[in-house]
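I opened this notebook to record what I looked up in one structure. The entries follow in the order in which I took them.

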Amino acid sequence: MATKVFIKDFKNHVDEEVMIQGWMFNKRGSGKIYFLEVRDGTGVAQGVVFKPGVPEEVFKKAEELTMESSLKITGQITKHPKLENTFELQVKDIEIIQLVKENYPIAKKGHGMHFLLENRHLWLRSRKQRAIQIVRNTIINAVYEYLNDNGFIKIDAPILTPNACEGTTELFEMDYFDEGKAYLSQSGQLYIEAAIFSVGRCFDFGPVFRAEKSKTRRHLTEFWMMDAEAAFVEHDENMHIQEGLIVHIVKKVLENNLPELAILERDIEPLKKVVPPFIKKTHTEVVKELREMGSDIGENDDLGGDDETILTQKYDKPIFVEKYPTEVKAFYMKRDPKDPRFALCADLLAPEGYGEIIGGSQREDDYATLLGRIKEHNLSLDAFKWYLDLRKYGSVPHSGFGIGLERIVGWICGRKHIREVIPFPRTINRIYP
Ligand code: 4AD
Ligand code: MG
C-alpha cells in the first residue's frame, strides 16, 4: 500500500510511491497523455498519466474524469523537469470516488458577483477563495497568540442579550419566551468589561450582528469581532496594545502566507510598512485635513465612508484617529478630562483606502457619570443595572477595543468588498446559501 500524503508535503516524499485524495481541478491532454490537476485542500499537484505507462483501464479513467470529480490517485512523486520546488505525480492508478456527471457551474473565468455569491458553496473551492480563507485562519491564530502572550485570556460573551451595546437602531430583535425582547449581540464588550474584574485582561472572539441597512463594501449584517478589554489601561496604552496586535498579525501573514498573497496578486510592499509607530491624529486635525481635500465633513461629524477612503489613500501606515466629539460615539466612552467635548477614544484606520478596522476607547468608570449618560441616551436602566454595578464595586480605569475580522482580512488580502472574505456572507439582501 502506498503512503497517504498531502500535496503540501510532496517535497518530503520525492521518488516515493504515494496516494493522494482530492478533487479534479483541471485537465489537459488527449490521445497519449493527460495532465490532471488535482487539489486536496492543502495544495494543487499535477498528475501525469502516460498511455504506455499505465494499464488501459487507468488511462480510460483519466479520459472520463470531469471537473470536481472526487478521486484517489496513486503514483510516484518526481521533481518537475524545469520548475524549481515543483513536484509531479507519475500516475500509476486512479480510483474515482464520485464522477461528476453535470457541468460544474463555475468556470475558470467570467462570472458576475451575483452568480458567484449564489454559488458561494462552490465558489469557496476556487484558488483565490481558498487563499483568502487560509490567510483568515492565520489572522485568527495571530490574534489569539498576541493576546495570550500579553496576558489576555479568552472569555466568551453571550450572543443573546437583553440590551444594545452600540445603539438601538441596528439590532436584530426577537421574542424571548416570557422575558420580553432579546437582541443579537452587536459586540461582547460590555460583558468582557465585567470579566476584567475577575481576570484583569480578556477578550472575546465570535460572530456579532448589525441590522443597519448599510450597503457598502465595508458592511456585513453578521461578522466576526474580537473585543479586548483590560483593567488599569488608559487611552494611550490602549492604542499601544492595538498597534502591537496589528503589527503581529501582519508579520505572521508575511511569514506564513506569501504563496496565498501571490495567488491574490496582493502587492506586499505596503504590508511591509506596517511597523510602529502608527500615525496618530485627532478628529479635529483630521476634519481640517479632509476639508482641505474637498470633503464637506462638519466639525462634529463622524467620518463617512468616503472620508475614510480619501484619508487612508494618502498614507501607507495605519492611522489612529483619536478623540471624536462625544455626540458621534457610544455612551460608555470616557470623556477627555482636558476637553470634555471629546471622548478618550480612537478608531484605527487601515491604509490604502481601506478605513476603519478597530474601534476602541477608555471606558467611563464613574458611577454617577455613567448613570447620567445612560439616562441621556434613553437607555433602559433595568437592562444596564448590572453594567452600572461594575462602577459600584471596585471601579478602575479600563479600556478596550474591537477589531472587525473581515475588515482586516479584506485589507490584508487586498479585496475590494469584505463579503468575499467571510465564508458565507450575510448582507441586507443575502442570506443564501
Ligand atoms: O466600531 P464598532 O462598532 O465598535 C464596537 O462594537 C465596540 N463595542 C468595540 C469595543 O470597543 N470592544 O465595531 C468594531 C469594529 C469596527 O472597527 C469594524 O472593524 C467592525 O467592527 N465592524 C464591521 N465589520 C463588518 N460589518 C459591519 N457592519 C461592521 N461594523 C463594525
Ligand atoms: Mg466604529
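**Entry 1: Lys 323**

I looked up Lys 323 and found that it counts as buried because its relative accessibility is 18%, where buried means under 20% relative accessible area, exposed over 50% and partly exposed in between (1.4 Å probe, protein chains only). The model is predicted: local features need pLDDT of at least 70, side-chain atom pairs count only at pLDDT 80 or more, and totals for chains, interfaces and linings use all residues. Residues are numbered from 1 along each chain as its sequence is written, chains are lettered from A and ligands numbered from 1 in the order in which they are written, and side-chain values use heavy atoms, with hydrogens and water left out.

I placed Lys 323 in the loop between β14 (319-322) and β15; helices (H or I, at least four residues) and strands (E, at least two) are DSSP runs, numbered from the N terminus. Beyond four places in sequence, I listed its contacts (heavy atoms within 4.5 Å), which include His 235, His 283 and Phe 342.

**Entry 2: nonpolar core**

I then examined the largest nonpolar core, which has 51 residues; such a core is a set of buried Ala, Val, Leu, Ile, Met, Phe, Trp, Tyr and Cys residues joined through side-chain atoms within 4.5 Å. Ile 139 and Trp 411 are among the members that touch the most others. I noted that α6 gives the most to this core, with 9 residues. Leaving out residues up to four places away in sequence, I found Ile 139 touching Ile 249, Val 253, Leu 405, Ile 408, Val 409 and Ile 412.
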